[in-house]
Amino acid sequence: MPLKIGELLTKAKLVSDQQLEKALDEQKQSGGRVGEHLVRLGFVTEEDILDCLSQQYGVPSINLRHFDIDESIIRLIPADVARKYQFIPVSKTGATLTVAMADPSNVFAMDDITFITGYRVEPVVASEEALREAIDSYYGTTHSIELKKVMEDLSTVEEASLEVLEEEEDLDVADLAESADEAPVVRLVNLILTDALKRAASDIHIEPYEKSYRVRFRIDGVLYEIMNPPIKLKDAICSRLKILAKLDIAEKRLPQDGRIKIKMKFQGKVKELDFRVSTLPTLHGEKIVMRLLDKDNLMLDMTKLGFEKSSLKYFEEAIFQPYGMVLVTGPTGSGKTNTLYSALSRVNTPEVNIMTAEDPVEFQLPGINQVQMKESIGLNFAAALRSFLRQDPNIVLVGEVRDFETAEIAIKAALTGHLVLSTLHTNDAPSTINRLMNMGIEPFLVATSLNLIVAQRLIRRICQKCRQPEDVPVQALLNIGFSEAEAPGLELSKGRGCDECNQRGYKGRIGIYEVMVVSEDIRELILSGASAIELRRKALEEGMIGLRNSGLQKIRDGVTTIEEVVRESVL
């Protein structure tokens with residue numbers, strides 16, 4: 001929030017400085033939030049706090065304790081998302097979803113809700129205490145709606161017609177650990193981990209269903225079903241992976257995160273592998289997703305990432321600037337981390353002090369000071385960035401600009417003689433500028449701090465072993481952006497499918513890039529409040545290659561297919 005609740009209440013003359021001081025003393029002794037202590041001490045009511053927040057954000061307030069939310073509305077938002085952003089859906093009218101939040105200025109939460117539900121989001125403000133109670137009530141392990149429904153159903157059923165199909169057994173941790181160490185389970189888990197490496201998978205999905213159990217690998221960005229282990233091994237496989245990741249095998253109700261580090265022989269040499277493990281309770285058991293972090297797959301040579309020559313020249317010029325900000329944008333899994341690591345390795349010399357704040361640290365880079373974020377103890381991007389500025393850095397990498405506070409400190413660092421590299425989630429380069437301003441950053445700060453913005457996607461490469469010519473109608477080429485003069489003479493390729501690429505026709509991935517230099521003319525447009533469309537038009541005039549045109553160049557070079565470029569870019 002731009003102002004703390006204590007400051008807002010004193011500004012509105014709802015509490016005195018002395019009352020706020022007393023509440024702050026209580027907070028120091030027993031923890032909790034200032035607002036809770038002010039209410040408990042009788043200085044203000046919860047309604048006073050809500051009215052104050054409502055005026056601050058210019059949105060209506062709601063008292064969740066007096067509101068009964070329909071179960072169908074609750075189902076629209078997953079529990080982990082509601083807990084992450086501390087919000088709860090309350091009603092739906094047409095294509096508009098009303099959501100109660102403690103901080104309606106959180107644009108990331110709004111974006112996620114829109115993406116998950118497809119509805120337009122209308123925020124209302126609610127107190128943090130009431131939100132926590134509502135989330136626990138509606139999303140808790142004993143879901144209040146389900147409980148009420150079960151009680152109603154049981155009241156209409158005769159006792160004689162009831163049959164217990166499955167009895168919940170007491171969880172014996174010793175038995176779980178023992179079954180996880182049985183030889184077949186150990187061998188199966190080892191096979192899954194090694195097979196993922198052999199197939200060059202980036203992620204492993206292990207998913208339980210009512211009558212089946214499946215393992216899928218994400219290879220070159222696409223999920224493939226690999227095997228269906230016996231469903232009776234579900235608990236043993238899950239426990240084995242939890243033991244390897246040093247997680248609590250008895251906790252099956254809450255999500256957990258951990259890491260597995262293993263050494264294995266592969267193609268005659270010993271490899272060190274790092275798996276990032278995430279468990280999530282689902283209806284039929286725990287789903288496990290593992291991200292495979294293989295140092296050998298980390299491409300640090302910027303010339304091989306997929307940049308066009310002019311785009312690479314602009315990018316290299318920007319990262320060698322003494323100060324300013326370079327942003328890399330794109331969805332999750334679009335290769336942003338690889339691009340940033342490549343940039344760091346390019347500028348990493350004994351003369352510069354490079355510091356990174358990451359969540360998580362995916363790869364360890366020699367000569368670079370990397371810091372792992374720990375939200376549970378208050379070490380977030382903003383806190384790390386503040387500390388970095390006292391560590392005499394030349395170059396700072398912030399894993400992600402998630403909120404106003406992080407963006408503000410990063411931009412101040414860029415304006416005070418530091419080169420700042422970071423990532424953001426936007427669809428293209430020009431819309432990044434509007435996103436920063438929507439987060440609350442002043443246009444003059446955005447204009448003076450930004451050096452360059454890179455938007456990127458990953459597309460699959462045609463397998464070189466089974467590559468063959470492909471005939472494509474001229475009209476199809478015109479539809480995706482080729483000119484009438486060029487389309488008839490183009491020679492296109494595709495993969496037939498072979499053992500090398502597991503009959504897929506594709507092997508490996510390459511990036512398509514949109515590199516926007518923040519020139520003097522673009523700075524003037526930002527200061528005058530130009531839209532993303534106007535910024536895009538100006539950037540293209542100045543020589544920016546868009547994502548679609550970068551993809552078309554890959555088609556010309558015979559690197560990829562029309563389907564891949566259309567899947568990841570728009571005209």
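The side chains of Glu541 and Lys538 form a salt bridge (3.6 Å, N to O). A salt bridge here is a side-chain nitrogen of Lys or Arg within 4 Å of a carboxyl oxygen of Asp or Glu. Both residues belong to helix H21 (residues 532–541), three residues apart, about one turn of the helix. Helices (H or I, at least four residues) and strands (E, at least two) are DSSP runs, numbered from the N terminus. Glu541 is exposed, with a relative accessible area of 58%, whereas Lys538 is partly exposed at 21%. Buried denotes under 20% relative accessible area, exposed over 50%, and partly exposed in between (1.4 Å probe, protein chains only).

The model is predicted: local features need pLDDT of at least 70, side-chain atom pairs count only at pLDDT 80 or more, and totals for chains, interfaces and linings use all residues. Residues are numbered from 1 along each chain as its sequence is written, and side-chain values use heavy atoms, leaving out hydrogens and water.

The whole structure holds 33 salt bridges. One of them joins Glu405 and Arg386 (2.3 Å, N to O). This pair links distant parts of the chain, with Glu405 in helix H16 (residues 404–415) and Arg386 in helix H15 (residues 381–388), 19 residues apart. Glu405 is partly exposed at 36%. Arg386 is also partly exposed, at 38%. Another salt bridge connects Glu251 and Arg253 (3.2 Å, N to O). Glu251 is buried at 14%; Arg253 is exposed at 58%.

Six strands form an open sheet in the order E6-E5-E4-E9-E8-E7, with antiparallel pairing. Two strands pair if DSSP finds at least two bridges between them. Strand E6 (222–227) and strand E7 (256–266) stand at the edges with a single partner strand each, so one side of each lacks a neighbour in the sheet. Strand E7 is joined to strand E8 (residues 269–282) by 11 bridges. Within this pairing, Ile262 has Leu273 in E8 as its bridge partner.

The disulfide count is zero, a disulfide being a pair of cysteine sulfur atoms within 2.5 Å. For Cys466, the nearest cysteine sulfur is that of Cys498, 3.7 Å away. Cys466 is buried, with a relative accessible area of 1%. Cys238 is buried at 4%.

Asp499 lies in the loop between strand E17 (492–495) and strand E18 (506–517). Asp499 is exposed at 68%.
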